[in-house]
Amino acid sequence: MQDLNNFVVGWIDWNLCLDPEGGPNGADNFVDSPILVYGDKDQFTKQPMFYAMGHFSKFIYRGSRRIQVSPDISCRSRDVGIPGRSIVCVCDANYCDTITRDKPNPETYVAYTSTNDGLRFSKSQGQVTHDEQFDASITEKHESLPKGFDFFTSGVVLRVDSTIKFQTIEGFGGAVTDAASLNWRKLPPAAQEKLIETYFGPNGLEYNMMRVPIGGSDFSTHPYTYNEQPWNDTELSNFSLTNEDISFKIPMIQNCIKAATSEIHITATTWSPPVWMKTNEKISGYGQLKTEYYQIYADYHLRFLEEYKKHDIDIWAITTTNEPVNGIIPVVTFNSMGWIPSQLGRWIENNLGPTIRKSVFNRTLILGVDDQRLMLTAYMLGMEKAAPNSINYLDGIAVHYYEDFVTPGILTNLHKRYPTKIIVATEACEGAYPWETSKVKIGSWDRAQNYVKDIIEDLNNYVVGWIDWNLCLDPNGGPNWASNFVDSPIIVYEDKGEFVKQPMYYALGHFSKFIPRGSTRLQVTTLSTEGIENVAVITPKGNVVVVMQNRKQHTVPVKIYVSSRKAININMEPESIKTVEINSVS
């Protein structure tokens, strides 16, 4: 095995057979052999070495190619005991399942499958086939399909066109909130390490993006900001990080950076400034920024960048305040500050934009709006009308998950109007709606399906990065000072010293693990009557990666053309997520 795994192409044993003494040998250099001949008995015996050799020679034919096989640690599954739920995978200080990405050889593919029935990143391999039935270099649905093709029984046919490219992918990740870092710290040190590795490490999901609050959010144990005192402190003379930063968030971020396989691009967001800057002088409710503090609020962001830099944490992007509509239509009870579009535009144009661009952090991106799909167009057009130069300071647009029942075409339309601005999905979670009584729905496959649907929609509409909300929460979906509990891909059980990985975790991994930064989205055309949720990219190494979801309760056969004649055939199991990496180079 060692030889084959290190590029040896053949292995020849020494003597085919010897006598019981290991000879004859004129120099008395006797050795063993797979077969020993007993001349006095007219027989020979086959030793264990014979069968060891046969395990290779009998089954590995000339012309076979070695493929990479990684020793993944399997899921330690737990049945949650609730009808209709899937399993969770249990991790602790001594055990946690892993996933490695196997490199497909030329003319092969590697597939990874997770299912409601309990598969988690189950690997399979196959060959790229040459289809002479018809030419798939077509642009119109059903054109030139082979004679006799049955649209109703033949499954799904996709054509991935690597010549038609769209946005470049930035990455995937999750948020280090106070709640996430507090829960992480409750685990034994070895389990803390495993939680970080399972998200960011080479045997985990290989996250490369992150979001961190500037000060507190609702996912804190109490409402707070920086520089709360003295009141009206225009010099921000008391701006300093809190215990939440020093003891929890920063150590967690530093451990993530250490474990990560690529640079983590961190986005930072303010939920509320000190209340003395706000018209209502409260942490939540109907309140906007007092105009006399426009510049001070810009400086507040700059001071945060400076303080985190002291801990060797570089901030890749800041947003222009979390969900600004919450301070205009105050239906939430947690940290917020409102902006109407014209006010936000003037603040960016006159204060935030110039402050950041003239600082040593002038390469930090500024992402605008940071609210739901439904809000984006009104805010962008309103800012552009009131303060045209504000758009020039924006590097991109940040969008949230919670109104994604609204058409994703909004994102494509924004890309067309602002083609130089990236779009980043900066927050998502399940269980956030007031009518959802089960905030943590342990083992929910439906919630994993919702994530996959949303990520596919977003990527197919020019989103370049997708950041989940809390990396981990407790079994209640907290802590959250405003009782705004939600679900998370990882739930921490402090009393057991363990954490469990929910189906949402694996849903996220089907993208983050296999779509590295620098991948480019490709055009996918459905050539069959039946379709399937899908997105395709080409990686920096030239392989095609396709992520698909089958929400049906029966198997769906799928044929994927990666060129006019080359294709793979694969089955989508019932209620499954599948990532396929294809190396179609001959």
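# A first look at this predicted structure

The secondary structure of the protein chain comes to 11 helices and 24 strands; helices (H or I, at least four residues) and strands (E, at least two) are DSSP runs, numbered from the N terminus. This is a predicted model, in which local features need pLDDT of at least 70 and side-chain atom pairs count only at pLDDT 80 or more, while totals for chains, interfaces and linings use all residues. Residues are numbered from 1 along each chain as its sequence is written, and side-chain values use heavy atoms, with hydrogens and water left out.

**The whole chain**

- The C-alpha trace of the protein chain spans about 105 × 60 × 50 Å along its principal axes.
- Of the 586 residues in the protein chain, 57% are buried. Here buried means under 20% relative accessible area, exposed means over 50%, and partly exposed lies in between (1.4 Å probe, protein chains only).
- Among contacts in the protein chain with a separation of 6 or more, 71% come from residues 24 or more positions apart. A contact means heavy atoms within 4.5 Å.

**What the UniProt record says**

- The unreviewed UniProt entry carries the annotation "domain: Glycosyl hydrolase family 30 TIM-barrel" for residues 2–60 and 169–515. UniProt positions are given in the numbering used here, feature names are shortened, and annotations may be inferred rather than shown by experiment.
- In the model, residues 2–60 are 17% helix and 14% strand, with the end C-alpha atoms 15 Å apart.
- Residues 169–515 are 35% helix and 16% strand, and the end C-alpha atoms of this span lie 8 Å apart.
- A further annotation from the unreviewed entry, "domain: Glycosyl hydrolase family 30 beta sandwich", covers residues 518–580.
- That span, residues 518–580, is 0% helix and 60% strand in the model, and its end C-alpha atoms lie 18 Å apart.

- The domain assignment gives domain 1 (107–167 + 521–583) and domain 2 (171–516), with bounds that come from an automatic or database domain assignment.
- The C-alpha centres of domain 1 and domain 2 lie 34 Å apart. Their contact takes 26 residues from domain 1 and 21 residues from domain 2.
- About 2,200 Å² is buried between domain 1 and domain 2, and carbon and sulfur atoms give 70% of that area. Buried area is the accessible area (1.4 Å probe) that two parts lose on being put together, summed over both.
- On the domain 1 side, Phe121, Gln167 and Ile577 lose the most area to domain 2, together 26% of what that side buries.

**Disulfides and other cysteines**

- The count comes to 2 disulfides, where a disulfide is a pair of cysteine sulfur atoms within 2.5 Å.
- The link of Cys75 and Cys89 is left-handed, with -105 degrees about the S-S bond.
- Cys75 is partly exposed, with a relative accessible area of 22%, whereas Cys89 is buried at 0%.
- Cys91 and Cys96 also form a disulfide, with their sulfur atoms 2.2 Å apart. The link of Cys91 and Cys96 is right-handed, with 65 degrees about the S-S bond.
- Cys91 is buried at 0% relative accessibility, and Cys96 is buried with a relative accessible area of 8%.
- With bonded cysteines counted along the chain, the disulfides follow the pattern 1-2, 3-4.
- Cys256 is buried, with a relative accessible area of 0%. The cysteine sulfur closest to that of Cys256 is in Cys472, 9.5 Å away, which is too far for a bond.
- Cys17 is partly exposed, at 40% relative accessibility.

- Thr267 lies in strand β11 (residues 265–270) and is buried, at 0% relative accessibility.
- Leaving aside neighbours within four places in sequence, Thr267 is in contact with Met210, Arg211, Val212, Trp316, Ala317, Thr319, Leu367 and Ile467.
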